[in-house]
Amino acid sequence: MKRIISLLMENEPGALSRVVGLFSQRGYNIETLTVAPTEDETLSRLTLTTIGNDHKIEQITKHLNRLVDVVKLVDLTEGSHIERELMMIKVRATGAQRAEVKRCVEIFRGQIIDVTASVYTIQLTGDSDKLDAFYHAVGDAAILEVVRSGVSGIARGEKVLGL
Amino acid sequence: MEKLSGGDILIKALADEGVDLIFGYPGGAALHIYDAIFRQKDVKHILVRHEQAATHAADGYARSTGRTGVVLVTSGPGATNAITGIATAYMDSIPMVVISGQVVSDKIGEDAFQETDMVGVSRPIVKHSFLVKDQRDIAETVKKAFYIASTGRPGPVVIDVPKDITNPVDKFDYYYPEKIKLRSYTPATKGHTGQIKKAVQQMLTARRPMIYAGGGVVQGNASAQLTKIAKMLNFPVTNTLMGLGAYPGTDAQFLGMLGMHGTVEANTAMHHADVILAVGARFDDRVTNTPNKFCPSAKIIHIDVDPASISKTVPADIPIVGPVDSVLDEMLELINATNERPDEKAIENWWKEINEWRNRYGILSTPRYDTTGEMLMPQEVIRTLFEVTKGDAFVCSDVGQHQMFSAQYYQFDKPRRWVNSGGLGTMGFGLPSAMGVQMAHRDAAVACVTGEGSIQMCIQELSTCLQYHLPVKIICVNNQALGMVKQWQDMQYDSRYSESLYEDSLPDFVKLMEAFGHVGMRVTKRDELKSKMEECFAMKDKCVFMDIYVDPKEHVYPMQVAPNGSMRDMWLSKTERT
């Protein structure tokens, strides 16, 4: 099962490598990974998605918690949450395809953010399933390049991941 | 406030932390620090002959005293040579602080001379690491390092210090913090009371109980509490390889070590137990054999300070995260407060069963080795060592058959007397760790039990023993081969001895010892073993090497059947099985 683990860690050199190193060292997979500073400049927020059964996820969260740089951690998939990912995608758009791609973008509520005579650059946000669905809808043949940000997430309601 | 250079701050901080000894080896990037050492008297430095030995010596010091071992090495090769010792300490949760010199800050990343990314290289085998970037951070970093290394589940911490940070010219205010708080590091200080109550309840209803205690009891200084609980409830106790000495080895309630080379009575009792109290143990694969066949009918209570150790390989029914001493204290209080006791009749029957196994298979109750043949047996060497030292020596073991024989045949009545590389299994650990133990206990009998294979991995340290007058007694169980490798080759590879034999290339250890200024003895006969060993230990101020020739064909038994065996499936000899 896919899990979204989000954590606050010290904004210090080496902190990220400890988290990433833990995964390779213990044979866990990282599907996506995003890191950025937070409103508190001493902290970074790291969100990663991984796949595993309950036992494996429990081990992952325990080992992450054990890292001295990790301040707080939450498995967002344990409660209701909002998950977002940004995708920028270049697709070939010529002839009849031009209108077809545009319609598809509208259906998925994306935006065309750059245009040339033969190429659209499209921006799309949503959960990972939606982004996957979009490029299936557009069709492999038309896709020139895909950039995805990796998943970010936040809990619904009043729950806060803070100090 | 006094103003000090970075190098002086570092050493002063160590002194203020209470460090009396550091083990190390100088080199370019560490020279400012070494100069600071020269100009003071509080911290004594022991010059080893190889950085690996510095880490093992600090490790032995830490294991035998409970204090944090300290290592100082230079950058590059100095740092990488220390890696094996850091990994050894990491696997056995030993508190250690390793200070490594680093190239000057503005050369980092330029492949400078003797540059290695020490923080990166050591990352998977440290509890934490620091790269110091400012002289003003040194004292606090030292404080943090010792705090992290010695609290919670202990482990090694690396402090990498670029050379410019320790330069003698720039001076800064020195202040050593009394206390430190880390928002991201808060080890458990107490177990969950509800869980402890549940555990005690479970223990009081046990009919076939077992206490399975590991290195955490030794590290957590909880032997007294553990012994009390076992005595009050009349529970049988087994120790892991790391836990030997946590419960008195000569006590009747002690069943010996469990696991791969554990006793039949300990492993069989584990297999049939209905309640297991696991304390400071981590259900290592050398203990459990096949995890899903592990103790099929047992409710498992697991106390550990490290939550990640709980339910890692074997799920715990009642997990308790907390320091073992305080959790066991609480358990004792609860047991004292109630009149309830486990069913006496059931426990009595359980002991009857266990004693039958013990009488039939026990390694100390029935002779498991032949003492009528021409050659000495490795087991009798260890038994003789036990007798000669009256069971009261510090025994620092290397890795291999002799290590298992020591664990089986030397009965440790006190914690911190048995020093061995259990998790990583580091050959070469024995001699340098014995030096660290001897430095901490100058008048104690310190034995390094080794083999002719292991000893050659750190034999250069004989020179260190001379420099610091370390009267370590080296008991070399010489079977003229890499015994444990050869045993596996016998058992699994039709005795094809691929690269496990020396073919008459062994040095004359007696002459070698003389060359190093020590005493060497060779023993080949049964009737001279004890008298020579007594002679050896009588030389209180001499480092002595006993080169004891033993039967090269002997295997370590019992041995669990693998793969797919349960705890009780064991080889008893080359031909018999349980």
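What distance separates the centres of domain 2 of chain B and domain 3 of chain B, taken over C-alpha atoms?

1. The model is a predicted one, and the reply to the question above is 31 Å, the separation of the C-alpha centres of domain 2 and domain 3 of chain B. The domain assignment for chain B places domain 1 at 3-173, domain 2 at 193-361 and domain 3 at 378-556.

2. Domain 2 and domain 3 of chain B do touch, with 14 residues of domain 2 in contact with 15 residues of domain 3. On the side of domain 2 of chain B that faces this contact, the elements that supply two or more residues are α8 (215-219) and β11 (254-257) of chain B. That side of domain 2 of chain B divides into seven nonpolar residues and seven polar ones, with no charged residue.

3. Within chain B, helix α14 (residues 378-388) packs on helix α15 (residues 401-409) at an angle of about 50°, and the axes of α14(B) and α15(B) are 9 Å apart. At this angle α14(B) and α15(B) are therefore oblique to each other, and the crossing of α14(B) past α15(B) is right-handed. On the side of α14(B), the contact is made by Pro378(B), Gln379(B), Ile382(B), Arg383(B) and Phe386(B), and on the side of α15(B) by Gln401(B), His402(B), Phe405(B), Ser406(B) and Tyr409(B). By class, the residues of this contact of α14(B) with α15(B) comprise five nonpolar, four polar and one charged. As background to the spacing of such positions, an α-helix has 3.6 residues a turn, so residues three or four places apart point the same way.

4. Is helix α1 (residues 6-16) of chain B largely enclosed by the rest of the structure, or largely open? Nine of the eleven residues of α1(B) are buried, so this helix is largely enclosed by the rest of the structure. The buried residues of α1(B) are Gly6(B), Gly7(B), Asp8(B), Ile9(B), Leu10(B), Ile11(B), Lys12(B), Ala13(B) and Leu14(B). After α1(B) comes Gly18(B), which has a positive phi, near 95°.

5. Between the chains, eleven residues of chain B are in contact with 15 residues of chain A. The side of chain B that touches chain A is made up of six nonpolar, two polar and three charged residues.

6. Chain A contains four helices and nine strands, and their order from the N terminus is β-α-β-β-α-β-β-α-β-β-α-β-β. The C-alpha trace of chain A spans about 55 × 35 × 30 Å along its principal axes, and 27% of the 163 residues of chain A count as buried. Among the contacts in chain A with a separation of 6 or more, 73% are accounted for by residues 24 or more positions apart.

7. Chain A is divided into domain 1 (2-78) and domain 2 (83-151), whose C-alpha centres lie 30 Å apart. The contact between these domains of chain A involves six residues of domain 1 and four residues of domain 2. On the side of domain 1 of chain A that touches domain 2, β2 (32-37) and β3 (43-51) of chain A are the elements giving two or more residues, and β2(A) provides the largest share, three residues. This side of domain 1 of chain A has two nonpolar, four polar and no charged residues.

Technical notes
Residues are numbered from 1 along each chain as its sequence is written. Chains are lettered from A and ligands numbered from 1 in the order in which they are written. This is a predicted model: local features need pLDDT of at least 70, side-chain atom pairs count only at pLDDT 80 or more; totals for chains, interfaces and linings use all residues. Domain bounds come from an automatic or database domain assignment. Two residues are in contact if their C-beta atoms, placed from the backbone, lie within 7 Å. Ala, Val, Leu, Ile, Met, Phe, Trp, Tyr, Cys and Pro count as nonpolar, Asp, Glu, Lys and Arg as charged, and the others, Gly among them, as polar. Axes are lines fitted to C-alpha atoms, for helices over the stretch in contact, and angles run from 0 to 180 degrees between N-to-C directions. Angles under 35 degrees count as roughly parallel, over 145 as roughly antiparallel, 65 to 115 as roughly perpendicular and the rest as oblique. A crossing is left-handed if the near helix is turned anticlockwise from the far one by less than a right angle, and right-handed if clockwise. A residue is buried if 20 or more other C-beta atoms lie within 10 Å of its own, exposed if 12 or fewer, and partly exposed in between; C-beta atoms are placed from the backbone.
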